[in-house]
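Please keep the structure open while going through the points.

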Amino acid sequence: MQELGHVPILLNDWGFSFCLCNPLSTVNCITILIFVTMEQLLNQIKELKEKIITNVENDAEAFRIKYLGTKGFVKAIMGEMKNVATENKKEAGQRLNEFKLFVEEKYEQLKLSSGNNSPLTTHHSQDLTLPADDLPLGSRHPISLVKNKIISIFQRLGFAVAEGPEVEDDFHNFTALNLPENHPARDMQDTFYIAQNPDWLLRTHTSSVQVREMQKAGMKNGQGKLPIRIICPGRVYRNETISARAHCFFHQVEGLYIAENVSFADLKQTLYFFVQEMFGKDVKVRFRPSYFPFTEPSAEMDISCLICGGEGCSVCKKTGWVEILGCGMVHPNVLDNCGIDSNKYNGFAFGMGIERIAMLKYQIKDLRLFSENDVRFLKQFTGAV
Ligand code: 2U9
């Protein structure tokens, strides 16, 4: 048996004065360590290691205090190095260092397995009566943000929201809107047809909702449900090749006002109010004559470019203007097709793509971003209105 050196006090058969009954007990019972022989040192380290390996408790902080704390096993054993004979110091030091590394590694594992990385976090921090941590909240999709904004602006003008089916029949999507079978304008609104019934299709605009609302009003004896003042938000479909500027589905808000003696001036003022609320008081508008089968006269409305303020830039293609919607006075044929007397009533209608408004408002360059669900894109709208 190799002597380790000077033995000041011999307190038990092992030459160690600390209690090893339960090295993982939260009560630290080490007082003084005294090595007698190298063999005793190695045995002691071996026994401690076994206890650590078979440890079933997972309180990382209790383990740290017991083994690595200022009054812990590792410090206590290290402190006894001064009693080790000079010729054994090197080997004893190596063994103790190995033991220390082993204990530190075990502590790291315990921290990870208990999900507790902070030595300051102890049992009492797990107060189940405390309110839960905040969950990260998602944000509204930019299409929803813009749609809600458009709706709230028109609601202030007395428009109600109307919704309808996305799978429509030919009459509500085309024929009622002055687009009979074989009308050339149908080409621009090619869509997806339902194999089950050749009369069914995915709606190409939300105008079919207005048709349904007009039919309801027209059916009511003496057209009692008039006037109609509605906006119709919703998803629409087109058979288009997907690109930065076109998609096979997108979103619209259309509006309809039917009453007696409605004028084009009513239409202009309504839309002027809308763009001022949507884009700011400085925005200018202009109307250009256009053609739609369901309105006569028809127009397209432009606003002054939000980027250059009308000076001319790449967004407005150096014109100073950007198109935002189409509009017009409802064609008398459409009123008649829906059971409303076109001699007594008239009205205006308008339609806009929500994606287009969102692209202008938030300077988004590619339509596909709206449907790719990339959180890096969507996160940018946290808190946006
Ligand atoms: C009824 C009568 C008339 C709705 C209108 C437009 C003009 C229009 C386009 C804007 C961009 C469609 O999303 S888009 O491609 N819409 O230019 N829409 S007038 O006219 C109606 C609707 C319903 C009963």
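1. A charge is said to sit over a ring if NZ of Lys or CZ of Arg is within 6 Å of the ring centre and within 35 degrees of the ring normal. In this model, which is predicted, the charged end of Lys-49 sits over the ring of Phe-102, at 5.1 Å from the centre of that ring.

2. The largest nonpolar core has 46 residues, and those with the most contacts inside this core are Phe-154, Phe-274, Ile-324 and Met-352. The elements that give two or more residues to this core include the helices α5 (142–156) and α8 (264–279), together with the strands β8 (321–330) and β9 (346–353). The largest share, seven residues, comes from α5.

3. Which residues does Met-352 touch, not counting residues up to four places away in sequence? They are Ile-150, Phe-154, His-251, Gln-252, Val-253, Phe-274, Ile-324, Leu-325 and Ile-357.

4. The structure holds 13 aromatic pairs. One of them joins Phe-154 and Phe-159 in an edge-to-face arrangement, with 5.4 Å from centre to centre and 75 degrees between the planes. Phe-154 counts as buried because its relative accessibility is 0%, and Phe-159, with a relative accessible area of 5%, is buried too; the cut-off for buried is under 20% relative accessible area.

5. Phe-154 and Phe-159 also belong to a cluster, in which ring pairs link them with Tyr-257, Phe-274, Phe-348 and Phe-350.

Technical notes:
Residues are numbered from 1 along each chain as its sequence is written. This is a predicted model: local features need pLDDT of at least 70, side-chain atom pairs count only at pLDDT 80 or more; totals for chains, interfaces and linings use all residues. Side-chain values use heavy atoms; hydrogens and water are left out. A nonpolar core is a set of buried Ala, Val, Leu, Ile, Met, Phe, Trp, Tyr and Cys residues joined through side-chain atoms within 4.5 Å. Buried means under 20% relative accessible area, exposed over 50%, partly exposed in between (1.4 Å probe, protein chains only). Helices (H or I, at least four residues) and strands (E, at least two) are DSSP runs, numbered from the N terminus. Contact means heavy atoms within 4.5 Å. Rings of Phe, Tyr and Trp (its six-membered ring) pair if their centres lie within 6.5 Å; planes under 30 degrees apart count as stacked, over 60 as edge-to-face and the rest as tilted.
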